[in-house]
Amino acid sequence: MTAPSEDPFREAPLPKLAPALFRKRTGKDLDLVVPSVVEMYRPEWCTKYPLRTDDPHRARKLGNIGHISYHSIPKLQLKPSNPRAIALFGLALLWLFAYPTPLKLRTLMCASGYSLVESTFTLLERGRNYTSLAQFCCNLIYIPILLDLYFGFFLNSFSNFSGVPWGPVVAILAFPLNVWLLEVVQGYFIIWLYGHNVAWNYLDYDDSYFHGAARLGHAPCWVGLGAICWL
């Protein structure tokens with residue numbers, strides 16, 4: 001058993017380079033959450049940081065499609081009365097038939113691109129690449145809200161003043177709010193679908209909220225992502 005209150009990710013490149021930007025919980029608060037974080041990002045450490053759960057049907061990683069991990073969905077049954085089957089079938093129909101072909105192609109490109117970004121970021125943050133099919137599929141549905149609806153609102157609500165295009169400026173600076181909303185919506189949907197969040201886990205950070213779905217300290221990253229998305 002590991003020494004108490006030890007952060008197993010402290011030697012990853014980003015926490016080692018800028019520890020003030022990646023502040024972790026301490027004491028028993030850290031001890032309680034580290035096993036679930038390790039389960040996701042460094043499963044080879046699970047014997048050192050065992051996850052204590054009485055759920056024999058906990059969602060598990062089954063394998064990879066390229067760099068993307070996919071997991072079991074314990075309560076999914078292919079029956080008309082199963083709520084998870086209904087939800088997945090409905091979302092699939094929405095994407096297939098309600099999204100025009102150009103939008104489908106763009107969501108595929110954006111979801112694929114973000115999967116590479118997340119995989120690279122987790123390598124630097126956790127010491128190993130990680131991204132999930134759960135988040136990839138959620139992004140296919142959510143990208144029109146994240147990008148089209150969001151940027152459209154700011155472009156229509158703010159006009160140039162003194163030669164400054166305030167719409168894009170405000171949209172980029174406020175982009176963390178947009179991402180945090182995405183993380184809360186997607187995070188709780190994934191928790192409902194799988195039983196726990198198999199896509200990302202911020203529980204070991206001292207500024208994480210909504211069951212580890214959103215973290216305040218990632219705001220600078222989200223501002224940068226907003227600038228990239230705008231371009």
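A: Start with Arg84, which lies over the face of Trp192, at 4.7 Å from the ring centre. Such a charge counts as over a ring if NZ of Lys or CZ of Arg is within 6 Å of the ring centre and within 35 degrees of the ring normal. Bear in mind that this is a predicted model, where local features need pLDDT of at least 70 and side-chain atom pairs count only at pLDDT 80 or more, while totals for chains, interfaces and linings use all residues. Residues are numbered from 1 along each chain as its sequence is written, and side-chain values use heavy atoms, leaving out hydrogens and water.

Now for the helix around Arg84. In α3, Arg84 is buried, and so are Ala85 and Trp95. Buried means under 20% relative accessible area, exposed means over 50%, and partly exposed is in between (1.4 Å probe, protein chains only). Helices here are DSSP runs of H or I with at least four residues, strands are runs of E with at least two, and both are numbered from the N terminus. Looking down the axis of α3, you'd find its buried residues within an arc of 105°, so they line one face of the helix. (That arc is taken from the directions from the helix axis to the C-beta atoms.) What covers these buried residues includes α4 (101-126), α5 and α7 (175-194); contact means heavy atoms within 4.5 Å.

How does the start of α3 look? A side-chain oxygen of Asn82 reaches to within 3.2 Å of the backbone nitrogen of Arg84. As for length, the 16 residues of α3 (residues 83-98) should span 22 Å at 1.5 Å a residue, and the end C-alpha atoms are 21 Å apart, which agrees. The expected span is 1.5 Å times one less than the number of residues.

Phe9 counts as buried because its relative accessibility is 1%. Leaving aside neighbours within four places in sequence, Lys24 is in contact with Asp7, Phe9, Arg126, Asp204, Tyr205 and Asp206. Lys24 sits in the loop between α1 and α2, and at 13% relative accessibility it counts as buried. Its side chain makes a polar contact of 3.3 Å with that of Asp7 and one of 3.0 Å with that of Asp204. A polar contact is a pair of N or O atoms within 3.5 Å; within protein, one must be able to donate a hydrogen and the other to accept it, and residues adjacent in sequence count only if both atoms are side-chain atoms.

Phe9 also has a ring partner. Rings of Phe, Tyr and Trp (its six-membered ring) pair if their centres lie within 6.5 Å; planes under 30 degrees apart are stacked, over 60 edge-to-face, and the rest tilted. By this rule there are 12 aromatic pairs. One of them is Phe9 with Trp45, tilted at 45° between the planes and 5.7 Å centre to centre. This pair links distant parts of the chain, 36 residues apart: Phe9 comes before α1 (13-17), and Trp45 is in the loop between α2 (27-41) and β1 (61-65). Trp45 is partly exposed, at 23% relative accessible area.
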